[in-house]
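This report covers a helix crossing and a set of salt bridges. The model shown below is predicted.

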Amino acid sequence: MAKPSDKLIVCAYLAAATAPLAAMALGVRDHEINGALEPTPRPDLTLDAVRTESFQGPFAAWFESHLGLRGYSIFVDNTILFHALRDTKPYSYVKLGLHNVLFLYEDLSYYNLYNNFYDPQHLAAYADKIAALQHEMSKQGRAFVPVIIPSKTTVYRDEIPAKWARDLGKPRPSDVELYGAMKHALEERHIAFVDARALLTTSTEPRDVLWAPTARHWSDYSGCLAMQQVAIRYRELTGKPLDYDCELVRARGRPGDSDYDLMRLANTWYVPHEHWVAKAHHTPPPPGDRPSLICIGTSFCWGLVLDAADSNRFSAVRIDYYNRTLTSMPGFESSDVHPHSEQWRAVFLTQDVYVFDLLETYLTNGNTFLEDAVDELSAEMVP
Amino acid sequence: VPFSSLLFVHLFLPAFLCAYWLTPRPAKNYTAIAGSLAFYAWGAPRFLPVVLGLGVVDYFVSHQIAASRGTRRAKLLLAAGVTMHLSVLVYFKYTNFFISELNSALGHFGIAPLTWTRVVLPIGVSFITFEEISYLCDVFRGDARPARRLSQYILFLTLFPHSIAGPIFRWKDLEAQLAERQHSWELVREGFERFAIGLAKKVLIADSVAIIADGVFALPREQVSSQLAWLGAAAYALQIYFDFSGYSDMAIGLGKLIGFRFKENFNRPYISASLTEFWTRWHISLSSWLRDYLYIPLGGNRKGRRRALVNLMIVFALSGLWHGAAWTFVVWGVYHGSFVTLERLLGDRYRRAPLVVQHVWTLAVVLVGWVFFRAGSAGQAIDMISAMAWPRSGAVGPLMGDLAPPLARLAFVLGIAIVLVPIATKYRDFAAWRDRFQLAAVGARVGCLALFLASAIHLTNMRITPLIYFKF
């Protein structure tokens with residue numbers, strides 16, 4: 001005679017095994033997973049595909065990516081790891097620092113870099129091109145302003161736990177061989193640039209105003225501070241007026257704010273975070289002609305261009321994202337970048353302010369899109 | 001489909017169990033065959049006809065052997081059958097290795113290498129081959145009757161709980177169950193619980209300590225300090241035990257779900273006080289197979305001490321080769337064979353050593369042996385072992401957050417406790433304690449169910465890593 005408890009337990013196991021499948025079949029609403037996931041289309045089932053094993057792998061991937069309740073599973077598991085073990089899951093892109101400061105793995109890799117630095121000759125040639133471009137643009141009444149943007153690991157260096165820090169001595173090789181080398185190359189050639197890294201690391205403002213502990217990127221307010229410096233370089237290079245003010249405003253945070261991007265990507269419940277975000281308030285612009293602006297670079301450009309658009313001090317604001325996608329503010333209209341095309345010339349050769357994003361984590365060999373952009377502009381502008 | 005995959009846990013297993021349990025008793029074997037063939041075809045569709053073909057041949061050959069038992073014809077049939085199975089194993093598992101070694105040798109003499117299309121290794125071929133050989137041998141010896149029905153023999157070969165990674169079954173152990181077996185709620189409950197324990201061993205412990213082992217073995221030579229080398233070897237010792245014994249637990253549990261009772265394949269191997277004991281506790285189905293179908297036929301202990309030791313070395317070398325087609329596996333086998341031989345030579349002198357010394361010695365030998373098993377090449381194995389033997393400091397340390405995240409460290413400590421605490425039973429009788437602290441049945445039931453849920457949830461999480469998205 002079967003015990004009722006045995007039946008109950010067997011039913012519980014079956015329920016646990018079939019619940020995700022049932023949820024998948026019934027389309028039960030799952031918890032949203034933040035972050036981009038690779039698309040996994042369902043493969044066509046054919047005898048030949050099974051025989052050659054080209055069906056099995058893609059089907060398993062499709063099944064896993066459509067399994068019901070996986071969002072809840074991920075959040076439960078991550079939340080246990082985060083709060084019980086003070087860690088994010090292995091191989092996650094988000095890593096937990098001290099005092100709940102979140103880091104992107106890529107930034108920690110940069111912090112721990114001890115090789116793959118610029119070849120000095122290559123760096124010299126790169127800096128020469130930047131100097132020539134800036135000089136030529138300046139003659140045309142335009143400003144080409146490189147901005148060295150810090151990594152979060154630079155601004156929150158003291159919050160990096162020992163387990164995420166290689167013992168590389170002081171100063172760290174990346175400080176000397178990447179940031180230091182680039183800064184020296186720019187200074188040596190008398191290039192007007194903005195050292196936003198120095199700006200943020202020596203600022204007397206509270207650090208969480210400059211960079212939210214839960215953010216990958218700097219705050220909009222920091223973007224404003226950097227734009228203020230860009231405006232100064234613009235005046236120096238062109239002699240034209242451009243006032244740019246930044247008044248700190250703590251706005252109420254919303255779940256989709258960029259200051260919470262790493263928190264969202266951690267896919268974890270109850271991550272401690274501030275409930276406000278740091279933005280800048282601008283006074284109305286003075287009357288007169290307004291210059292146009294383009295920022296060429298990484299996602300850090302967004303902090304600059306959004307604040308620039310808010311400031312109303314530019315006639316047009318654009319971002320050339322990774323030298324691949326051109327987006328115009330404030331409507332976010334986007335198009336692909338095709339260097340040397342008519343459309344490209346109409347935009348890229350006619351701006352007044354060119355912000356050139358030298359994010360320090362990208363000052364390594366292998367990231368060529370910025371050098372490509374300099375080459376493309378030089379080919380058209382430098383005689 | 002690995003047992004520790006979402007596809008198996010949430011699709012194949014429930015679907016198969018529903019179909020199996022709803023099938024009337026006389027037809028249950030056919031449902032089990034269909035499910036097992038589908039399971040095998042998923043992973044090795046092109047090899048399935050070979051498995052089925054060999055099964056049919058075995059079936060007829062075994063009947064011929066039984067009919068002519070004691071004659072020269074039976075011997076010839078057995079030799080032909082065994083040769084056939086070994087040829088299949090050698091072709092699929094070792095051809096690439098032999099050709100690669102041959103080409104390497106030819107290269108030394110400036111001779112152009114042989115062109116060769118690599119042979120794909122079908123899953124489970126090593127296990128299935130050994131089961132087929134033992135079947136023919138047992139029928140030849142009169143230890144087992146030939147299968148009465150072809151379907152039963154095919155089910156024996158392809159039964160999905162064991163077809164891809166063992167344990168190695170013997171026909172004589174399963175024959176009666178293949179013909180008739182009891183199904184009960186209690187057995188199913190036990191099956192789920194055993195499966196849950198195995199899944200947790202694999203997903204929560206083995207896969208977590210694998211982070212440490214993989215990390216250490218992937219480090220450049222200059223970063224492997226002595227401590228890291230020992231950590232890597234210990235992590236791998238835990239990984240391979242929890243992985244393989246977890247898999248065996250899942251296989252035993254799955255068997256119970258469909259009414260089978262399989263033999264145990266592991267018995268707390270790391271509490272062994274000698275290498276000889278270790279091999280009676282580790283991968284028991286393989287050890288006993290090698291003893292019964294290789295060591296004893298070679299003469300075993302019957303032909304003098306020297307011959308017994310030679311037989312031991314042959315068995316261990318071939319055992320190493322069976323584990324993988326690479327010199328590191330052969331070295332691993334010879335290494336273990338050497339220490340088992342040494343123990344035999346020392347005899348009572350070894351056994352008179354303090355028990356604690358025997359334990360430490362055995363663990364150290366096993367741990368170092370795993371380095372050969374895990375290393376990508378003999379060179380890496382020697383590097384690691386030299387780092388274990390002599391203090392070495394790394395020029396640039398590894399990133400400990402990557403190498404040993406808290407989850408891996410917890411699994412490491414938990415794993416060590418699970419495998420080593422039972423050593424205490426060798427020093428003191430804990431029967432009374434066991435009775436006093438035995439978990440209430442309901443607690444154990446709930447614990448297993450919780451392990452199943454935790455494993456399934458963790459498995460889901462580990463399979464999905466959202467990419468970085470950008471700010472807007």
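Which residue forms a salt bridge with Arg254(A)? The partner is Asp257(A), and the closest N and O atoms lie 3.4 Å apart. Arg254(A) counts as exposed because its relative accessibility is 55%. Asp257(A), at 8% relative accessibility, counts as buried.

## Other salt bridges in chain A

Over all chains, the whole structure contains 41 salt bridges. One of them joins Arg157(A) to Asp175(A), with 2.7 Å between the closest N and O atoms. Arg157(A) sits in the loop between helices H7 (152-155) and H8 (173-188) of chain A, while Asp175(A) belongs to H8 itself; the two are 18 residues apart. Arg157(A) is partly exposed at 26% relative accessibility, and Asp175(A) is buried at 11%.

Glu360(A) and Arg197(A) also form a salt bridge, their closest N and O atoms being 2.6 Å apart. This pair links distant parts of the chain, 163 residues apart: Glu360(A) lies in the loop between strand S11 (353-359) and helix H15 (369-381), and Arg197(A) in helix H9 (residues 196-201) of chain A. Both Glu360(A) and Arg197(A) are buried.

Salt bridges link Asp6(A) with Arg189(B), Glu193(B) and Arg445(B) in a network.

## Helix crossing in chain B

In chain B, the axes of helix H9 (residues 226-257) and helix H15 (residues 355-374) come within 9 Å and cross at roughly 80°. H9(B) is therefore roughly perpendicular to H15(B).

Residues in contact include Trp230(B), Tyr236(B) and Ile240(B) from H9(B), and Leu367(B), Trp370(B) and Arg374(B) from H15(B). By class, the contact has eleven nonpolar residues, one charged residue and no polar ones.

Methods: Residues are numbered from 1 along each chain as its sequence is written. Chains are lettered from A and ligands numbered from 1 in the order in which they are written. This is a predicted model: local features need pLDDT of at least 70, side-chain atom pairs count only at pLDDT 80 or more; totals for chains, interfaces and linings use all residues. Side-chain values use heavy atoms; hydrogens and water are left out. Axes are lines fitted to C-alpha atoms, for helices over the stretch in contact, and angles run from 0 to 180 degrees between N-to-C directions. Helices (H or I, at least four residues) and strands (E, at least two) are DSSP runs, numbered from the N terminus. Angles under 35 degrees count as roughly parallel, over 145 as roughly antiparallel, 65 to 115 as roughly perpendicular and the rest as oblique. Contact means heavy atoms within 4.5 Å. Ala, Val, Leu, Ile, Met, Phe, Trp, Tyr, Cys and Pro count as nonpolar, Asp, Glu, Lys and Arg as charged, and the others, Gly among them, as polar. A salt bridge is a side-chain nitrogen of Lys or Arg within 4 Å of a carboxyl oxygen of Asp or Glu. Buried means under 20% relative accessible area, exposed over 50%, partly exposed in between (1.4 Å probe, protein chains only).
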